[in-house]
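Hi there,

Here is the structure I promised to pass on to you. Have a look at it first, and then read on for what turned up.

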Amino acid sequence: MEIDDADRYRAPALDKGLDILELLASVEDGLSQSEIAKRLDRSANEFYRMLDRLVRRGYVAKLEGDRFALTLKLFGLSQLHAPTRRLASFATPLMRELAQKTRQANHLAVFDRGNAVVIAQQEAPDYWGISIRVGSHVNLFDTGSGHVLLAFRDKDERELMISEHVRSRDDINLSEDFYERLDQIRKQGYEMMPSAQTAGVYNLSAPVLGADGTCMAALTCPYIALVNAPGAPDITRTIAHLQKTAKQLSILVGSDEIAKSQRSS
């Protein structure tokens with residue numbers, strides 16, 4: 001009996017896991033174990049251990065009512081792939097120019113597996129500046145980068161990001177004020193907040209938008225007031241420079257919405 005090339009190296013367990021991920025990616029509200037089995041034409045018992053492993057590895061979340069839904073872990077992994085490296089490459093000259101204009105350091109962060117992760121960083125051109133190391137994990141709830149990454153997402157994506165972030169933080173209880181803050185950031189187009197980590201620093205953050213208007217990354221300037229620095233822009237002018245750079249980077253990564261607004265202005 002001749003074996004078809006497509007079946008020569010079958011891995012049934014892997015196929016089963018991929019079937020689950022692909023199915024959950026096609027639904028919005030999640031599915032129960034029995035619903036998954038019915039749609040994949042298998043018995044429910046076949047999927048118990050596979051679902052348990054996918055939940056423990058963070059690819060699937062178990063929701064109320066014993067329903068299972070895809071997390072953003074796959075999205076986070078994709079952020080570390082070539083597109084993210086290209087994003088950092090595109091951003092480097094623009095971030096360098098931003099640092100020169102503002103006399104401040106800046107960094108670029110993306111969402112990855114429950115945290116904002118810094119993928120590019122530019123030092124301040126002068127002696128003083130606040131810099132964040134590339135690879136640093138940044139809290140979503142008390143940083144400018146985290147707020148912007150959450151604010152420029154739709155409701156479902158935002159909730160998935162939050163659920164991943166709080167998985168090991170059971171004491172976190174977000175108030176209505178927090179969500180109202182995110183809505184305010186989206187309306188004004190940027191975040192400005194005192195740093196929760198360093199006294200005297202303001203986090204200024206603006207979104208880098210993709211083609212669909214979703215925030216791909218947050219460009220952040222940890223602003224410090226410079227003394228005896230003639231010509232250094234104040235915080236209002238620094239915000240303007242930051243937003244302009246974020247829009248330029250959005251155009252480079254293919255944001256049609258930003259490009260159209262630039263052409264009409």
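Predicted model: local features only at pLDDT ≥ 70, side-chain atom pairs only at ≥ 80, totals over all residues.

**The chain as a whole**

The chain has 265 residues, and 45% of them count as buried. Its secondary structure consists of 11 helices and nine strands. If we take the contacts between residues at least 6 apart in sequence, 57% of them join residues at least 24 apart. As for the surface, the accessible area of the chain is about 15,100 Å², with 49% of it belonging to carbon and sulfur atoms.

**The six-stranded sheet**

Six strands form an open sheet in the order E6-E5-E4-E9-E8-E7, and the pairing is antiparallel. Which strands stand at the edges? They are E6 and E7 (191-194), and each has a single partner strand, so one side of each is left without a neighbour in the sheet. For E7, antiparallel pairing with E8 (residues 201-209) runs over four bridges, and methionine 192 has leucine 204 in E8 as its bridge partner. Helix H7 packs on this sheet, where it touches E4 (106-112), E5 (115-122), E7, E8 and E9 (215-224). The direction of H7 makes about 150° with that of E9.

How many of its residues are buried? Seven of the seven are, so E4 is largely enclosed by the rest of the structure.

On one hand, E4 pairs with E5 in the antiparallel sense over seven bridges. Valine 110 has valine 117 in E5 as its bridge partner. These two strands, E4 and E5, form a hairpin with two residues between them, and arginine 113 in the turn has a positive phi of about 50°. On the other hand, E4 pairs with E9, again antiparallel, over three bridges. There, histidine 107 stands opposite threonine 220 in E9.

**Helices H7 and H9**

Two packed helices are described by the angle between their axes and the distance between the axes. For H7 and H9, the angle is about 80° and the axes are 9 Å apart. Angles of 65 to 115 degrees count as roughly perpendicular, and H7 and H9 are therefore roughly perpendicular to each other. Where they meet, His147, Val148, Leu150 and Ala151 come from H7, and Phe178, Leu182, Ile185 and Arg186 come from H9.

**The aromatic rings**

A pair of aromatic rings is described by the distance of the centres and the angle of the planes. The count for this model comes to two aromatic pairs. In one of them, phenylalanine 141 and phenylalanine 178 sit edge-to-face, at 5.6 Å centre to centre with 85° between the planes. Phenylalanine 141 lies in the loop between E6 (137-138) and H7 (144-151), and phenylalanine 178 lies in H9 (residues 176-188), so this pair ties together parts that are 37 residues apart in sequence. Phenylalanine 141 counts as buried at 12% relative accessibility, and phenylalanine 178 is buried too, with a relative accessible area of 12%.

Phenylalanine 178 also pairs with tyrosine 179: the ring centres are 5.9 Å apart and the planes are at 85°, so this pair is edge-to-face. Tyrosine 179 is buried, as is phenylalanine 178. Through these ring pairs, Phe141, Phe178 and Tyr179 are linked into a cluster.

Happy to talk any of this through.

Best wishes

Technical notes
Residues numbered from 1 in each chain as written. Heavy atoms only, no water. Buried < 20%, exposed > 50% of the residue type's maximum accessible area, 1.4 Å probe, protein only. Contact = heavy atoms within 4.5 Å. Areas by Shrake-Rupley, 256 points an atom, 1.4 Å probe, with all protein chains shown as cover. Phe/Tyr/Trp six-rings, centres within 6.5 Å; stacked < 30°, edge-to-face > 60°. Pairing = 2+ DSSP bridges. Axes fitted to C-alpha atoms, helices over the stretch in contact; angles between N-to-C directions. Parallel < 35°, antiparallel > 145°, perpendicular 65-115°, else oblique.
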